[in-house]
Amino acid sequence: MSTQNLTVESHDRIARLTISRPEKLNALDRATLGEMDQAFATFAADPEVGAVILTGAGPKAFVAGADIQELLQQSPVGGRFSRIENLGKPVLAAVNGYALGGGCELALACTLRFASSTAKFGQPEVNLGIIPGYGGTQRLARLVGRGKAQELILTGEMIDAAEAHRIGLVNQVFSPEDLLPRTEAIAATILSRSPLAIRYALEAVQRGLNMPLEEGLGFEATLFGVLCASEDMKEGTRAFLEKRKAQFKGR
Ligand code: COA
């Protein structure tokens, strides 16, 4: 599937969505954001999609931010990227270059983040007289802690992939050639596990983070209990004891 600013290629239940405006370093204009919303709605509804990889076209950028030309007409956009965060399927960011402003925030809304050694991250909005508006002040602070988040947001300075890894902003750093194959291999590993367990694990962590600890523990216990009654759980434990590979059905 191809739209004006996106390409989607799928194989083995992995959909790879490439944001493709390389001449503008894949900056997110309204058209691209609209196309992304539609693509994620399709992924949510399609049982043939088990995981999504999100990347940018060209060698230079993942996404260099919201389109600055359009910023003056911007309206408040609360909840941007919540659809990605709540997809119910893992979304892996393969950050192949600049991830600035809305690009960094897009990566933050993903389940996991992998970076090319050439990637650069930053929240440069204060240079433009604004603050991050696509979730950056909230998701960055929750991921890397208040101190590092404030340093990035207040200085507007970029950090390289190694520093992003050191502070926990990205899960792993790969060479540019390895970025997509390694990210796909991780997606494939996730897809080889029990689909029900993956779905509930995503939900337990995602929703649990917005709850007080006691409530989150209760939520986890409920999901754990439901999984204990699933066919996948019986198959997974039986396969272990019978020393064979589990055949999960997602039930
Ligand atoms: N919005 C709109 N256009 C953008 C853009 C953005 N966020 N980021 C880059 N572009 C455009 C540039 O205007 C340029 O277009 P042009 O060739 O028509 O002039 C093209 O992409 C290439 O960018 P350029 O700045 O020439 O590349 P560079 O290698 O010199 O610098 C960056 C790369 C990423 C450091 C620089 O483009 C930059 O600072 N971008 C803005 C980042 C930002 O502030 N993002 C947050 C927005 S809230």
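## Terms and model

Helices here are DSSP runs of type H or I with at least four residues, numbered from the N terminus. Helix α6, residues 161-166, is one of them, and holds both glutamate 163 and arginine 166, 3 residues apart, or about one turn of the helix. The model is predicted.

## Two domains

The chain is divided into domain 1 (6-191) and domain 2 (195-241). Their C-alpha centres lie 27 Å apart. Domain 1 gives 8 residues to the contact and domain 2 gives 5.

Together the two domains bury about 490 Å², with 62% of this on carbon and sulfur atoms. On the side of domain 1, Glu85, Gly88 and Ile190 lose the most area, together 53% of what that side buries. The interface has 0 salt bridges and 1 residue pair in polar contact, both at pLDDT 80 or more.

## Salt bridges

Side chains of opposite charge can pair when their charged atoms come close. The structure holds 13 salt bridges. One of them joins glutamate 163 and arginine 166 at 2.8 Å, N to O. Glutamate 163 is partly exposed at 21% relative accessibility, and arginine 166 is exposed at 58%. Both residues belong to a network of salt bridges that links Lys148, Glu151, Glu163 and Arg166.

Another salt bridge joins aspartate 37 and arginine 80 at 3.5 Å, N to O. Aspartate 37 lies in helix α1 and arginine 80 in the loop between β4 and α2, so this pair ties together parts that are 43 residues apart in sequence. Arginine 80 has 19% relative accessibility, and the limit for buried is under 20%, so arginine 80 counts as buried.

Notes. Residues are numbered from 1 along each chain as its sequence is written. This is a predicted model: local features need pLDDT of at least 70, side-chain atom pairs count only at pLDDT 80 or more; totals for chains, interfaces and linings use all residues. Side-chain values use heavy atoms; hydrogens and water are left out. Domain bounds come from an automatic or database domain assignment. Contact means heavy atoms within 4.5 Å. Buried area is the accessible area (1.4 Å probe) that two parts lose on being put together, summed over both. A salt bridge is a side-chain nitrogen of Lys or Arg within 4 Å of a carboxyl oxygen of Asp or Glu. A polar contact is a pair of N or O atoms within 3.5 Å; within protein, one must be able to donate a hydrogen and the other to accept it, and residues adjacent in sequence count only if both atoms are side-chain atoms. Helices (H or I, at least four residues) and strands (E, at least two) are DSSP runs, numbered from the N terminus. Buried means under 20% relative accessible area, exposed over 50%, partly exposed in between (1.4 Å probe, protein chains only).
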